[in-house]
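Here are my notes on this model. Please keep the structure open while you read them.

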Number of protein chains: 2
Amino acid sequence: MPENKEQKLILGVDLGGTKIAAALATAQGKILARGRSSTRAQAGPDVVIKSICATIDRTLAAKRLKPSQFLGIGIAAAGIIDSDKGKVISSPNLPGWHEVPLRDAVEQRFGIPTYLGNDATLAALGEWCFGLKKGIANLIYITVSTGIGGGIIAGGKLYTGACGVAGEIGHMTIDVNGPKCNCGNIGCWETLASGTALAREAVKQIREGAKTSIIELVNGDISKIDAKVVDLAAKQGDELAKELISRLGYYLGIGLVNLVNIFNPELILIGGGVAKMGDLLLQPAIKIVKERAFSTPANAVEIKPALLGDDSGILGAVAFVLERSKNYRR
Amino acid sequence: MPENKEQKLILGVDLGGTKIAAALATAQGKILARGRSSTRAQAGPDVVIKSICATIDRTLAAKRLKPSQFLGIGIAAAGIIDSDKGKVISSPNLPGWHEVPLRDAVEQRFGIPTYLGNDATLAALGEWCFGLKKGIANLIYITVSTGIGGGIIAGGKLYTGACGVAGEIGHMTIDVNGPKCNCGNIGCWETLASGTALAREAVKQIREGAKTSIIELVNGDISKIDAKVVDLAAKQGDELAKELISRLGYYLGIGLVNLVNIFNPELILIGGGVAKMGDLLLQPAIKIVKERAFSTPANAVEIKPALLGDDSGILGAVAFVLERSKNYRR
């Protein structure tokens with residue numbers, strides 16, 4: 001029976017608004033088995049927690065593992081997470097979740113030490129532990145999809161703040177006169193630089209009479225326009241779509257300038273669905289950083305797509321178990 | 001002769017655009033002697049460096065101390081500072097300073113290990129080491145005067161980033177359509193929430209015909225309006241002045257929301273000349289934080305005036321010597 005921490009196994013779970021992904025992994029981040037199910041978020045916390053446990057069961061099926069072979073279970077969840085208490089305080093993608101003790105529910109079910117953290121925060125840790133080829137001290141990870149989330153590695157360790165909710169970089173005001181954000185703040189970065197913002201702007205321009213193949217790609221159904229459709233149109237050469245993505249890159253750059261001036265990081269990694277748009281999005285963003293940030297930190301930072309792709313959440317959860325189990329005292 | 005580190009002496013210097021302040025202090029932050037002179041920044045680096053050395057000489061006069069009695073000399077300077085190389089890269093208040101090797105010049109003159117850092121960054125360290133009554137892990141210090149500077153304590157240590165220039169929080173864009181900043185960026189926090197912004201807005205409103213006693217306080221000379229005059233008018237009950245400071249507090253609050261959402265700190269300390277305006281400025285700022293930041297970090301943070309007043313720079317320089325001398329290898 002392996003007793004060495006390096007030989008123990010870790011179960012990582014990524015709880016999103018639409019799907020639950022789980023992976024059995026080694027402490028070196030090698031994935032041995034996977035499980036997946038849909039979240040059915042509308043059914044409420046109890047059903048979702050059962051679904052998480054069932055997904056874990058399926059991931060471990062046929063492996064005949066004992067609890068003692070595990071270092072722990074890590075769960076990455078979207079929203080405001082109290083890591084110390086193991087609770088989901090609230091989550092935009094999980095309706096009805098308020099102060100839900102998710103960690104303890106899973107820990108009791110499996111009898112394995114369990115840890116809960118914010119998905120973007122843990123993704124930063126995952127990229128840092130398992131994605132990078134060489135160690136760096138200061139890394140900002142951002143995920144751009146329907147919203148913008150972030151995670152911070154500062155001075156060689158995960159930065160989580162006073163109550164574990166640091167890194168809400170999508171909710172910094174970049175336009176004091178801008179649109180109201182779902183979070184209650186005004187002109188947040190994610191209101192201008194997320195996939196949601198891109199789709200909203202496309203719809204607006206189409207309603208104003210802009211010519212574009214976007215509308216054909218959704219068969220005239222304007223309600224079906226999302227970031228993916230705009231991306232597809234751009235890749236097919238649609239001028240409006242290319243312009244909209246370039247404009248999104250501009251707003252992405254504005255927030256990156258802020259992060260470069262504030263954090264002076266070695267590296268900024270950009271993950272999430274929207275980041276898959278590649279250079280059409282990233283080049284205008286990087287251009288703004290070079291033009292507007294202080295030259296010393298602008299010259300010191302590398303900005304590039306995240307390294308772990310869709311596995312950043314589950315591998316982040318795995319890394320979080322490694323990080324937290326050092327101090328396990330429950 | 002005291003050989004114990006705790007018994008050694010430290011010389012702290014605060015190099016500003018108008019004055020040089022120096023203090024001889026114990027490792028516990030007790031100030032034993034002070035020196036002061038004007039910077040004469042227009043005379044260029046060589047003259048200023050001589051002036052720094054003369055100020056140190058005067059501070060130490062009649063003390064008959066040997067270099068071996070010192071743990072080090074710390075220098076806090078405004079601008080972009082390369083701490084590792086000991087150079088002032090550039091400084092808005094020191095014309096003609098480009099890559100000036102200030103640290104080595106002082107170190108060679110006195111034969112005492114010398115350390116150079118950004119003034120706001122070091123002030124954060126000073127407040128954290130010598131101002132606080134109890135230890136906390138995460139502190140943001142901001143200084144609001146002609147501009148806005150900042151320093152970050154993250155996870156129980158000074159955060160300086162990849163090349164020591166982290167903390168330029170005054171240069172985060174909060175108004176993407178806002179005025180151009182001296183730094184080259186657009187709509188920086190300091191273009192809207194600094195003393196300079198306050199004076200500019202007062203002048204604008206007076207030119208547009210606003211009734212106010214501000215103009216009487218400067219004997220009709222509009223070019224003499226600065227933040228202090230507006231503050232004085234407000235304290236005498238002038239309605240426009242009170243409104244302008246309240247508006248400044250609003251913009252101060254916008255940036256604080258960003259810092260609260262990003263850093264989830266236990267404490268934000270506000271120093272600098274403008275912060276001396278007190279509640280008239282801070283109450284509207286804190287109100288915005290309570291209204292707009294996520295409730296978990298908003299409830300966790302205390303926002304209050306800095307604790308060391310005008311000594312934050314020199315005591316920050318003293319604290320920096322303590323922090324850096326642990327790893328002294330030159």
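**Notes on the predicted model**

1. Overall size. Chain A has 330 residues, and a compact globule of that length would have a radius of gyration near 20 Å. Chain A has 20 Å, which agrees. Please remember that this is a predicted model. Along the principal axes, the C-alpha atoms of chain A fill a box of roughly 65 × 45 × 35 Å.

2. Make-up of chain A. Its secondary structure comes to 11 helices and 12 strands. Of the 330 residues, 54% count as buried. Now take the contacts in chain A between residues at least 6 apart in sequence. Of these, 63% join residues at least 24 apart.

3. Domain 1 of chain A gives nine residues to the contact, and domain 2 of chain A gives nine residues. Look at the domain 1 side. Strand S5 (80–82) and helix H11 (312–325) of chain A each supply at least two residues there. The largest share, three residues, comes from S5(A). By type, this side of domain 1 divides into three nonpolar, three polar and three charged residues.

4. Where the chains meet. The contact between chain A and chain B takes 40 residues from chain A and 40 residues from chain B. On the chain A side, strand S10 (157–159), helix H8 (239–263) and helix H10 (295–300) each supply at least two residues. Which element gives the largest share of this side? H8(A) does, with six residues. The chain A side divides into 22 nonpolar, 13 polar and five charged residues.

5. A helix to inspect in chain B. Helix H11 (residues 312–325) of chain B has 14 residues. From its first C-alpha to its last, H11(B) reaches 20 Å, close to the 20 Å expected at 1.5 Å a residue.

6. Is H11(B) largely enclosed or open? Of its 14 residues, 11 are buried, so H11(B) is largely enclosed by the rest of the structure. Among the buried residues are Ile314(B), Leu315(B), Val318(B), Phe320(B) and Leu322(B). Gly313(B) and Gly316(B) are also buried.

7. The buried residues of H11(B) pack against several elements of chain B, including strand S1 (9–15), strand S2 (19–26) and strand S4 (70–77). Helix H3 (119–131) is another of these partners.

Terms used:
Residues numbered from 1 in each chain as written. Chains lettered and ligands numbered in written order. Predicted model: local features only at pLDDT ≥ 70, side-chain atom pairs only at ≥ 80, totals over all residues. Contact = placed C-beta atoms within 7 Å. Helix = DSSP H or I, 4+ residues; strand = E, 2+ residues; numbered from the N terminus. Nonpolar A, V, L, I, M, F, W, Y, C, P; charged D, E, K, R; others polar. Expected span 1.5 Å × (residues − 1). Buried ≥ 20, exposed ≤ 12 C-beta atoms within 10 Å, placed from the backbone. Rg over C-alpha atoms; globule rule 2.2 N^0.38 Å.
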